[in-house]
Amino acid sequence: MLKGGAVWALGTMSGTSLDGVDAAMVLTDGERILEFGETRYRAYSPAERAVLRAALGRWPGEAAVAGAAEVVEAAHAELLAAFRGAEIVGFHGQTLAHEPGGRGTHQAGSGERLARALGLPVAWDFRSADVAAGGQGAPLAPFYHFACARRAGADRPVAFLNLGGVGNLTWVDPRQTAPEAPGACLAFDTGPANAPIDDLMQARLGQSHDEGGRLAAEGEVAETVLARFLDHAFFARMPPKSLDRDAFADLLTAVAGLSDADAAATLTAAAAAAVARGAAHFPTPVRQLLVTGGGRHNPVLMAMLEARTGIEAVPVEQVGLDGDMLEAQAFAYLAVRVARGLPTSGPSTTGVPACLGGGRVSRPEALALQP
Ligand SMILES: Nc1ncnc2c1ncn2[C@@H]1O[C@H](COP(=O)(O)OP(=O)(O)OP(=O)(O)O)[C@@H](O)[C@H]1O
Ligand SMILES: CC(=O)N[C@H]1[C@@H]2OC[C@@H](O2)[C@@H](O)[C@@H]1O[C@H](C)C(=O)O
């Protein structure tokens, strides 16, 4: 078990957009960020992506899951072998299915096998204890967002918005003493973000995403489709709340009759409008949305965000953070929290009844002793 001191931790994220694996080093004691280190990315090949896609929505033991886990483990082992100096790894794995309150949450990839492959302790399975205790199991980055806000020198509440396949928002008050302190964080998934746009581009044009929002820029938003989308019970629910990647798959059916450009514009507006519905839950207003994740590279989405929330939206780079690697860094930070027995979620982030330390650590030496 780590004592109080800071260590170099290596965090990883394989996100819902299935593009690849991010990995980042952070010097941290699980409370503060002392230094950011090296980062690397490894894309999934089209064949690997197809294996992962085929396993989406599947649970342990079902067909296609073992193959997906192999892809995830091999990609991580290859990428992480290039790093030096890490004392612990935070391995998120690939979410294949997420149904808190139902069948649970499923991240493919074994931290035990990764620990053996790397010869390092690996913290993993970050979400299932939270779900078992009645939480949403997501989002988990919020406690890290608190550390980021402190690192960025914020002296009043700020909001982080992750625009990945799914969107998630964290409101944080950096004046609190710790992320688990009451009033420090309020976090939740906002709704679909890039996943429906990517799925549309793939289905209609064979492209992975709407580069620069160019297609959306040419279209008009179908406000009636948007209004129907916003009628979904998810938006009226109080946070915390979380989503599966494909929870809004019927959104694609709703834009089926629209031109390519109008459909792209409508799905982009849906991502922005979902955030606006979420921002209405902030305990106090914020001056800026600090945006992380791939969606910050889409200027049409960023402009729609500002228009629909009335809040300035800026990439997190503006406060000295790395928007491509922030989630990977989050799992480095959370790995140290797991090793130190600190909580990783709480009532205001996942809705778990009491603060909880999720995740477990697999150690190569312990594994070597097993028959
Ligand atoms: N230049 C760009 N123009 C438009 N969209 C972009 C651009 N770059 C990235 N994106 C969008 O961002 C997505 C990837 O975002 P990101 O890597 O943050 O997702 P993720 O981490 O896999 O998802 P999640 O956070 O939900 O797990 C791409 O699939 C694409 O839709
Ligand atoms: C179940 C799951 O993997 N959820 C992801 C997903 O991607 C974004 C959003 O939905 C968020 O809830 C979460 O990831 C981030 C890293 C989180 O836990 O904070």
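Student: Which domains does ligand 2 lie between?
Tutor: Ligand 2 lies between the domains because both of them give residues to the shell around it. This is a predicted model, in which local features need pLDDT of at least 70 and side-chain atom pairs count only at pLDDT 80 or more, while totals for chains, interfaces and linings use all residues. Residues are numbered from 1 along each chain as its sequence is written, and chains are lettered from A and ligands numbered from 1 in the order in which they are written. With bounds that come from an automatic or database domain assignment, the domains that contribute to this shell are domain 1 (7–139 + 325–369) and domain 2 (153–319).

Student: Which strands give two or more residues to the shell around ligand 2?
Tutor: A residue is counted as near a molecule or strand if its C-beta atom, placed from the backbone, lies within 6 Å of it, and 17 residues surround ligand 2, the closest being Thr-95, Ala-138, Pro-139, Ala-141 and Val-166. Helices (H or I, at least four residues) and strands (E, at least two) are DSSP runs numbered from the N terminus, and the elements asked for are strand S4 (88–99) and strand S8 (166–172).

Student: What is the division of the shell around ligand 1 into nonpolar, polar and charged residues?
Tutor: Ligand 1 is surrounded by 22 residues, the closest of which are Gly-15, Gly-164, Asn-194, Gly-293 and Gly-294, and helix H6 (residues 194–205) supplies the largest share, 3 residues. Each of domain 1 (7–139 + 325–369) and domain 2 (153–319) contributes at least three residues to this shell. Ala, Val, Leu, Ile, Met, Phe, Trp, Tyr, Cys and Pro count as nonpolar, Asp, Glu, Lys and Arg as charged, and the others, Gly among them, as polar. On that basis the shell around ligand 1 has 2 nonpolar, 15 polar and 5 charged residues.

Student: Which element gives the most residues to the side of domain 1 that touches domain 2?
Tutor: The C-alpha centres of domain 1 and domain 2 lie 23 Å apart, and 23 residues of domain 1 are in contact with 23 residues of domain 2, where contact requires C-beta atoms, placed from the backbone, to lie within 7 Å. On the domain 1 side, S4 and helix H13 (326–340) are the elements that give two or more residues. The most, 3 residues, come from S4.

Student: Which strands stand at the edges of the open sheet?
Tutor: The open sheet has 5 strands in the order S9-S8-S7-S10-S11 with mixed pairing, two strands being paired if DSSP finds at least two bridges between them. Having a single partner strand each, the edge strands are left with one side that has no neighbour in the sheet, so they are identified as strand S9 (185–192) and strand S11 (312–315).

Student: At about what angle does helix H11 run to S9?
Tutor: S8 and S9 run antiparallel and are joined by 7 bridges, with Gly-167 opposite Gly-191 in S9. Axes are lines fitted to C-alpha atoms, for helices over the stretch in contact, and angles run from 0 to 180 degrees between N-to-C directions. Helix H11 (residues 260–279) lies across strand S7 (158–163), S8 and S9, and its angle to S9 is about 155°.

Student: How many Å apart are the axes of helix H2 and helix H3?
Tutor: Helix H2 (residues 65–80) and helix H3 (residues 111–118) pack at an angle of about 30°, with an axis separation of 10 Å. The contact is made by Glu-73, His-76, Ala-77 and Leu-80 of H2 together with Arg-113, Leu-114, Ala-117 and Leu-118 of H3. The distance asked for is therefore the spacing of the H2 and H3 axes as fitted lines, namely 10 Å.

Student: What is omega for the peptide bond from Ala-138 to Pro-139?
Tutor: Most residues other than glycine have a negative phi, and most peptide bonds are trans. Pro-139 lies in the loop between helix H4 (128–132) and helix H5 (142–151). The bond from Ala-138 to Pro-139 is cis, with omega near -10°.

Technical notes
Contact = placed C-beta atoms within 7 Å.
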